[in-house]
Each structure stands twice: as C-alpha cells, then as structure tokens.
Amino acid sequence: MGGFLRSALTVEEAAFLDRAAAFTANTVAQHANEWERARRQPVEALREAASLGLLRLETPKEQGGLGHRYLVKLALCEEMSRADMAFTFSMVNTQNVAARLAVSPVAQHREEHVPALMSGALFGATALSEPGAGSDFSSIRTSAQKVEGGWRLDGEKGWITNAAIADLFITYVQTDVSAGWRGIACFLVDARKPGFTRCPAYDLMGGHAIGAGGFMLENYLASDEDMIAPPGEAFKLAMKGVNGARVYVAAMCVGMLGHALETALAYGAERRAFGKSLLEHQGLNWSLGDVANDLEALRGLVAHAGHLIDREEDAVMAAAHAKKFAGRVTLPRLADCIQSMGAAGLREEYGLHRHLACAKIAAYTDGSTEMMNERIGAGLLKAYGPAA
Ligand SMILES: Cc1cc2nc3c(=O)[nH]c(=O)nc-3n(C[C@H](O)[C@H](O)[C@H](O)COP(=O)(O)OP(=O)(O)OC[C@H]3O[C@@H](n4cnc5c(N)ncnc54)[C@H](O)[C@@H]3O)c2cc1C
C-alpha cells in the first residue's frame, strides 16, 4: 500500500492511514460489491470505521478528535476510494459535519452532537442542492421564515449524500428571495424532529453506498441557536467547504485510477496473446502509459491544492484545476484500464464497474466539470494575465 501523499506524512499520520488501509482491505474491499448489488448504505461498516477513529479525522483534539491536517484527509480519501469511492464519500460527509459542529458556539452542538457523530451513533449530511437547484446554488427555494421561538423551514432538498441514513443535516435555506445569495442562511436540521420527512434514496447507475436522496421540510421549527451561519455568511461558508471538497473528490479519483491501473497491469503481465504477455504489446503498453501519465498529473494537482489548503493560502483556482482534471480524465482512463483487460475487465470481482459509476458521480459532486471551467475562466486574468 503506497498512497502518493504517504511520503509526506508524519509517523502518527501514517499510523492513522495504516488503520484506514487495513479497514479498507478487510471490510470495504471485501463487501463493496455486495453493498452495490443490494443498493444499500452499509451502516454497520460506517460504525466500524467510526470505532477505528476514522470519523475523528479533522475534529480538533480539544473536542476529542484527531485534528489532522488536510493532506491526511486527502491521503485517506485516496486510499479508501481504491476500494469504494461511494462508501468513502459517505463516511467523509459525516466526518465533515462533526468537524463543522466542533467549532459551533452552541454547547449542544459541540458536546452532544460531535461525540455522537464521531462514534457513529449519528450520521451527518450537508444539504445545499434541491430538485430545482444544483449548479445554481443561489437559486435554492427552501425557505426560512422568522417566527416566535426560532425559524420556520419549508421546502425540499435533493441529491444529498447520506440522506438515506443521516440524523443531522447542515441545511442551506433562503431567508429572502429578493436578496439572492445574500439571503441564504444555514441551519442544523435534526431528522428526528417534527416537520422532517425523508424521501426514498435514489436508484442510480451505481455508487449506492453514498446514500443519495432527499428530504422535505414542512413547518419545521429550528431554534435560533440552530442557525449555523446567518444570511450573508452562509453562502461564503458553503463556498469554502465546497472548495476543500473539490480537492478530496479529486483525491478519490486518484485512488480509483491508481487501483484500476494496478489491476490492469497485474492482469496484463499474466495474460498472454500472440506468444507474449499483453503488456509486451506496444499498443496496449502505451495505452496504459497514458493512464499513468494522467494519474501522475492528477496526483500533482491534488497535492498542490492540498498544500495550499494546509498553509491557509488561496486554493480556489488550484482546487478547480484538480477537480476539473479529475472530471475530464478519470472516466476515459478507467475505461482504458478495463479495455486493456479484454472481457475480463467487466467482471464484478475487479470492482472497476463501481469505479466507472463513481467517476461519473465525481464529475458532479461539489461542482460539475463545467462549473470548474466557469471558476477557472473567472480567475484567468488574475492568475495568468500580464499583471499576475
Ligand atoms: C451522488 C451524488 C451525491 C451528491 N451529494 C450532494 C450533497 O451531499 N449535498 C449537496 O448539496 N449536493 C449533492 N449533490 C448534488 C451536486 O452538487 C449537483 O449534482 C451538482 O451541483 C450539479 O447540479 P445538478 O445535478 O442539479 O445539475 P444542473 O445544475 O442542473 O446542471 C446540469 C448540467 O448543466 C451544466 N451547467 C449548469 N450550469 C452551467 C453553466 N453556467 N455553464 C455550463 N454548463 C452548465 C452542469 O455542469 C451539468 O452538466 C450530489 C450529487 C450526486 C450525483
């Protein structure tokens, strides 16, 4: 096991990654096909991950977490996605909610919810998207209206990771349609309270361990304390979170592509055609060389963005570059790996079919490839223009 960021990790960080790698090999890789066939989220495996401390990743040490830096998160995402990106994405989403609530000024968020999320007693999700609003986040219509004793929330969220199992949803809502993005606020929504209705999880082409689905809010009363970010601040909070997420999604693509290449090489070294191994045929060898080439470029983009985030420098362009490149190369390069194995590449036992579906998911989550173009396009002059 040799993730690309491993060499940059301290002994303590590497030990954490070793735990994740062992869990990935012994549990995730063993069961991912079965979860996919059953189209279900493996709650028991998420709880096992929690028992190993994997959901304590970013939560500060004073709150009972491990307080790891971003590079460790990226290394974890790469390592676990070699076996199952959908499971990894689901796990990281609960982890994100714990890390976010750990810095909440509200005692109940820090003292009750954070330990419950880190232990796997509760699961978390972050809800920006709606059936009618994805890329255009500022057009969300789920509303929050100030009432006696708090805020009344009404509307529907869609395409939310962990919607099938989550208890706590960091939920973005509109307080004033005429204010556009400035009207957006963010609340902690508790699925166990009245006014919350879970919708059935989506049937997808693959990646069901992600638990994507939606929920309805009808006359849901959120307390004033449950406002995590007020209008004006919430949009910025969302963009900051999404920016970091773009890099870990790209790291997940590194994991899937690295695993697919390794699988194709192992197969190609053994399988013979026309008197020699597949890898000895130049046409095939070059095709896998192209996969390795894109994989290395993606690794470099992810590592660069990760270092910027850890140094608290501006990583907006770097994150968009990593995510865009991941969205562009992962699917075709996975297909190249499968092609190099002939019909055998289609067999479920290799797990490459799940990577294909997840590569497509990665091209949407936390901003589509087209939105990365928009982001990069908007920053071109500043980053690369004559005065840069
Ligand atoms: C499995 C899965 C899990 C997800 N998990 C979450 C989650 O946990 N929380 C959450 O809030 N959301 C989540 N999402 C939603 C995700 O963020 C959205 O899918 C994404 O923002 C794109 O929105 P959309 O699918 O509505 O596409 P749309 O916004 O409807 O766009 C459709 C197409 O048009 C393109 N497009 C849109 N605008 C432009 C433009 N200006 N220029 C060029 N092209 C454009 C898009 O790139 C896309 O290809 C998840 C999605 C998936 C598939």
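Tutor: Start with Asn219, which is located in strand S7, residues 213-222. This is a predicted model, and the backbone of Asn219 in it has a positive phi of about 55°, although Asn219 is not a glycine. Most residues other than glycine have a negative phi. A second residue of this kind is Asp366, a non-glycine residue whose phi is positive and near 60°. Asn219 is in a strand, whereas Asp366 belongs to the loop that runs between helix H9 (352-362) and helix H10 (369-384).

The chain is divided into domain 1 (6-122), domain 2 (126-232) and domain 3 (235-379). The centres of domain 2 and domain 3, taken over C-alpha atoms, are separated by 31 Å.

Next comes the helix contact. Two packed helices are described by the angle between their axes and the distance between the axes. For helix H3 (residues 70-81) and helix H6 (residues 234-270), the axes come within 7 Å and cross at roughly 35°. The crossing of H3 past H6 is right-handed. On the H3 side, the contact is made by Tyr70, Lys73, Leu74, Cys77, Glu78 and Ser81. On the H6 side, Gly244, Ala245, Val247, Tyr248, Ala251, Met252, Val254, Gly255 and Met256 take part. By class, the residues in this contact of H3 with H6 are 10 nonpolar, 3 polar and 2 charged.

H6 also takes part in a pocket. The second largest pocket has a volume of about 270 Å³. Its lining consists of 15 residues, and those closest to the pocket centre are Thr24, Ala29, Arg82, Ala83 and His259. At least two lining residues come from each of helix H1 (11-38) and H6. H1 gives the largest share of the lining, 5 residues. In terms of domains, domain 1 and domain 3 each provide at least three residues of this lining. The classes in the lining of the second largest pocket are 5 nonpolar, 5 polar and 5 charged.

Taken together, H6 is one partner in the right-handed crossing with H3, and H6 also supplies at least two residues to the lining of the second largest pocket.

How values were computed. Residues are numbered from 1 along each chain as its sequence is written. This is a predicted model: local features need pLDDT of at least 70, side-chain atom pairs count only at pLDDT 80 or more; totals for chains, interfaces and linings use all residues. Side-chain values use heavy atoms; hydrogens and water are left out. Axes are lines fitted to C-alpha atoms, for helices over the stretch in contact, and angles run from 0 to 180 degrees between N-to-C directions. Helices (H or I, at least four residues) and strands (E, at least two) are DSSP runs, numbered from the N terminus. A crossing is left-handed if the near helix is turned anticlockwise from the far one by less than a right angle, and right-handed if clockwise. Contact means heavy atoms within 4.5 Å. Ala, Val, Leu, Ile, Met, Phe, Trp, Tyr, Cys and Pro count as nonpolar, Asp, Glu, Lys and Arg as charged, and the others, Gly among them, as polar. On a 1 Å grid over the protein atoms alone, a cavity is a set of points where a 1.4 Å probe fits but cannot get out, and a pocket is an open set with protein on both sides within 12 Å along at least five of seven lines; lining residues have an atom within 4 Å of a point. Grid points are joined across faces, edges and corners, and a volume is the space filled by probe spheres set on the points. Domain bounds come from an automatic or database domain assignment.
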